[in-house]
Amino acid sequence: MTRLNKLAGFLGCVVLLSASVPRVRAQAPAAVPAAVPAEAKLPLNAVLVLTPEFCATVFKQGSIWTTGRESFDVGKLACTELEPALKPAFANLTVVAAPPASTDGQLVLIPKFADTHATTSSFAFANREMDVFLEWTVKDAAGKTVWLQTVQGSSKHHMGNMFTHGHDVKLIVRDSVKDVAEQSAAKMEAAAELRKLATEKVSSGN
């Protein structure tokens with residue numbers, strides 16, 4: 001009987017303890033906005049600013065007394081290549097000639113040439129390389145800078161001889177500018193800051 005009394009007392013304590021402990025109701029986790037897939041275009045409206053000054057950018061290199069003076073018309077080509085390269089990255093892309101005072105777009109894209117350089121060679125038909133550096137300032141609709149990045153574009157061509165030199169310079173400039181335009185689009189699509197803006201836009205339904 002003593003053993004039964006002890007067992008009954010123990011079970012009674014367990015029942016009382018269970019009753020005194022409040023039950024914790026399971027709660028559903030807070031909804032987290034789905035991120036925009038990295039491979040998808042940015043669902044944002046963008047304004048690309050191509051000023052006359054930018055489109056007229058020319059870099060000069062060399063000396064008329066030694067290697068020869070060269071001019072690289074990077075601005076003219078950039079104003080041809082940037083729009084088609086960037087257009088697939090955004091839901092909508094508009095090109096303007098001056099920074100807008102106000103815009104319905106979520107982003108304003110402002111490019112600026114930082115530097116351009118081409119290697120030289122004393123041998124005809126030797127490989128020649130060129131690098132173009134484009135600095136991007138991306139602002140939101142409120143005018144706040146949300147992305148600042150310098151993008152490099154490169155190309156390689158034969159130097160050519162004295163008869164084909166001018167043509168070869170145009171080729172290396174064209175391919176370098178085209179590459180920097182394509183690299184700019186890729187980096188914008190992958191930028192965490194711009195992806196965050198896109199995710200916020202999707203979650204807000206705007």
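**Entry 1. Ser155**

I began with Ser155, which lies in strand 7. The model is a predicted one, in which local features need pLDDT of at least 70, side-chain atom pairs count only at pLDDT 80 or more, and totals for chains, interfaces and linings use all residues. Residues are numbered from 1 along each chain as its sequence is written, and side-chain values use heavy atoms, with hydrogens and water left out.

I took helices (H or I, at least four residues) and strands (E, at least two) as DSSP runs, numbered from the N terminus. For burial I used relative accessible area: buried is under 20%, exposed is over 50%, and partly exposed is in between, with a 1.4 Å probe and protein chains only.

Is Ser155 buried or exposed? Its relative accessibility is 11%, so Ser155 counts as buried. I then looked up its side chain and found a polar contact with the side chain of Ser176, at 2.6 Å. A polar contact here is a pair of N or O atoms within 3.5 Å; within protein, one must be able to donate a hydrogen and the other to accept it, and residues adjacent in sequence count only if both atoms are side-chain atoms.

With neighbours within four places in sequence set aside, Ser155 is in contact (heavy atoms within 4.5 Å) with Arg128, Glu129, Met130, Ile172, Asp175 and Ser176.

**Entry 2. Met130**

I followed that list to Met130, which lies in strand 6. Met130 has 0% relative accessibility and therefore counts as buried.

**Entry 3. Lys170**

From C-alpha to C-alpha, Lys170 and Val74 are 9.7 Å apart in space, while 96 residues separate them in sequence.

**Entry 4. Aromatic pairs**

How many aromatic pairs does the count give? I find two, under the rule that rings of Phe, Tyr and Trp (its six-membered ring) pair if their centres lie within 6.5 Å; planes under 30 degrees apart count as stacked, over 60 as edge-to-face, and the rest as tilted. The ring centres of Phe54 and Phe113 are 4.8 Å apart and their planes stand at 10°, so this pair is stacked. Phe54 is in helix 2 and Phe113 in strand 5, 59 residues apart, and the pair links these distant parts of the chain.

Phe59 and Phe113 form an edge-to-face pair, with 6.4 Å centre to centre and 80° between the planes. Phe59 belongs to strand 2 (residues 59–61) and Phe113 to strand 5, so this pair ties together parts that are 54 residues apart in sequence. Phe54 and Phe113 are buried, and Phe59 is buried as well. I recorded Phe54, Phe59 and Phe113 as one aromatic cluster.

**Entry 5. Disulfide**

I searched for disulfides (pairs of cysteine sulfur atoms within 2.5 Å) and found one in the structure. Its partners are Cys55 and Cys79, with sulfur atoms 1.9 Å apart. Cys55 lies in helix 2 (residues 52–55) and Cys79 in helix 3 (residues 74–86), so the pair ties together parts that are 24 residues apart in sequence. The torsion about the S-S bond of Cys55 and Cys79 is about -90°, which makes the disulfide left-handed. Cys55 has 23% relative accessibility and counts as partly exposed.

**Entry 6. Nonpolar core**

I looked up the largest nonpolar core and found 38 residues, with Leu109 and Trp136 having the most contacts inside it. Such a core is a set of buried Ala, Val, Leu, Ile, Met, Phe, Trp, Tyr and Cys residues joined through side-chain atoms within 4.5 Å. Which element gives the most to this core? Helix 4 does, with eight residues. Among the elements that give two or more residues are strand 1 (42–49), strand 5 (107–118), strand 6 (127–140) and helix 5 (192–204).

Beyond four places in sequence, Leu109 touches residues including Ala46, Leu48, Leu86, Phe90, Trp136, Val138 and Met188.

**Entry 7. Whole chain**

The chain has five helices and seven strands, in the order α-β-α-β-β-α-β-β-β-β-α-α. Of its 206 residues, 32% are buried. Among contacts with a separation of 6 or more, 68% join residues 24 or more positions apart.
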